[in-house]
Amino acid sequence: MNMTTILVLDDSAPMLMSLTRILKNAGYDVETAANGKLGLNKLTGGLKPSVILTDLNMPEMDGIEFIKGARKSAATRFTPIIVLTTESSVKGRDDARAAGATGWLTKPTEPAELLSTVKRLLPSHG
Amino acid sequence: MESGDDRLVLAILAAQVTAVRDRIENNETIDLMWRTTDVLARLASLVPELSRRNPGADMERQCTAAIANMTDISKSLDDMAFVQAQRQDFTRQMADCVATALIRLGAPAAQQTSRFCAADLAKLYVCAEQREIHDAATAAFYHASGWSAQGSIQPGKTANSNGML
């Protein structure tokens with residue numbers, strides 16, 4: 001059983017629950033946060049996820065600010081961060097890339113695509 | 001500027017759309033899918049016991065088939081719930097944008113620092129579809145008014161491909 005930890009950020013409770021189920025069924029350990037601020041709190045609290053999956057549009061602190069914050073920390077400077085969002089504009093992608101995101105998935109995406117993207121970005125992959 | 005009565009209508013509409021948004025957020029369909037998946041998982045874990053208590057090749061074959069079916073249905077339900085949750089999230093965000101705009105339009109005159117315009121509305125968008133609807137509605141409005149269309153908000157190029165950045 002692969003117990004790699006994935007931190008998931010989304011302000012939608014059904015999305016958080018659904019992502020948790022899909023990832024846990026695939027054998028991952030999952031930590032969740034409802035916005036960027038809570039996500040950063042988890043990271044400063046010592047959580048060291050292997051991959052981070054984040055929405056962009058969230059209250060309190062959005063995904064872009066969260067990514068910038070995560071990149072400032074030595075512990076998560078190189079952690080793969082996948083953006084999962086309804087936003088599909090080139091500008092949105094450019095902003096995410098500039099902030100330090102590694103991957104991009106536009107909602108709605110299929111579970112298989114989500115899992116293959118996570119797997120591809122895991123440090124042990126390849 | 002809208003009259004006091006117009007603002008009241010806008011405030012009421014904002015409350016109505018907010019209620020719709022909350023209803024979207026609290027849709028029970030996904031929860032039912034998860035509960036069904038959990039029940040199937042529990043049943044699948046009990047089936048081997050049935051086979052142990054009633055040994056026989058036919059029983060074993062039926063139990064194996066039942067477990068395979070339940071596992072397959074559970075996975076399909078979880079996958080469907082995942083896609084449904086994303087669609088629901090998408091719709092909720094569109095409703096949230098309308099509610100936010102209506103709240104600002106319906107705010108009492110004393111609380112309005114400036115007039116809320118189409119460009120302000122565009123700043124609330126979170127997806128390309130909203131921008132496309134905005135542009136189509138703007139074009140239709142100007143066409144119906146006989147005015148020349150102003151600039152598009154330019155949803156920009158849509159990046160459809162998922163993957164690495």
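Strand S4(A) is largely enclosed by the rest of the structure, because 5 of its 5 residues are buried. This is a predicted model.

**The enclosed strand**

Which residues of S4(A) point one way, and which the other? Ile81(A), Val83(A) and Thr85(A) point to one side of S4(A). Ile82(A) and Leu84(A) point to the other. All of these residues are buried. For burial, the cut-off is under 20% relative accessible area.

S4 of chain A covers residues 81-85 and pairs with S3 of chain A, residues 51-54. The pairing is parallel and runs over 3 bridges. Thr54(A) stands opposite Val83(A) in S4(A). Strands of a sheet pair through backbone hydrogen bonds, either parallel or antiparallel.

**The sheet**

S3(A) and S4(A) belong to an open sheet of 6 strands. The order is S2(A)-S1(A)-S3(A)-S4(A)-S5(A)-S1(B), and the pairing is mixed.

Which strands stand at the edges? They are S2 (29-33) of chain A and S1 (163-164) of chain B. Each has a single partner strand, so one side of each is left without a neighbour in the sheet.

**Chain A as a whole**

Chain A has 5 helices and 5 strands. Read along the sequence, they follow the pattern β-α-β-α-β-α-β-α-β-α.

The radius of gyration of chain A is 13 Å. A compact globule with 126 residues would have a value near 14 Å, so the two agree. The C-alpha atoms fill a box of roughly 35 × 30 × 30 Å along the principal axes.

Of the 126 residues of chain A, 57% count as buried. Contacts in chain A between residues at least 6 apart in sequence were also sorted by separation: 62% of them join residues at least 24 apart.

| Property of chain A | Value |
|---|---|
| Accessible surface | about 5,300 Å² |
| Share of that surface from carbon and sulfur atoms | 53% |
| Positive side chains | 15 |
| Negative side chains | 13 |
| Distance between the centres of the two charge sets | 7 Å |

How values were computed. Residues numbered from 1 in each chain as written. Chains lettered and ligands numbered in written order. Predicted model: local features only at pLDDT ≥ 70, side-chain atom pairs only at ≥ 80, totals over all residues. Heavy atoms only, no water. Helix = DSSP H or I, 4+ residues; strand = E, 2+ residues; numbered from the N terminus. Rg over C-alpha atoms; globule rule 2.2 N^0.38 Å. Buried < 20%, exposed > 50% of the residue type's maximum accessible area, 1.4 Å probe, protein only. Contact = heavy atoms within 4.5 Å. Areas by Shrake-Rupley, 256 points an atom, 1.4 Å probe, with all protein chains shown as cover. Lys, Arg positive; Asp, Glu negative; His and termini not counted. Charge placed at Lys NZ, Arg CZ, Asp CG, Glu CD. Pairing = 2+ DSSP bridges.
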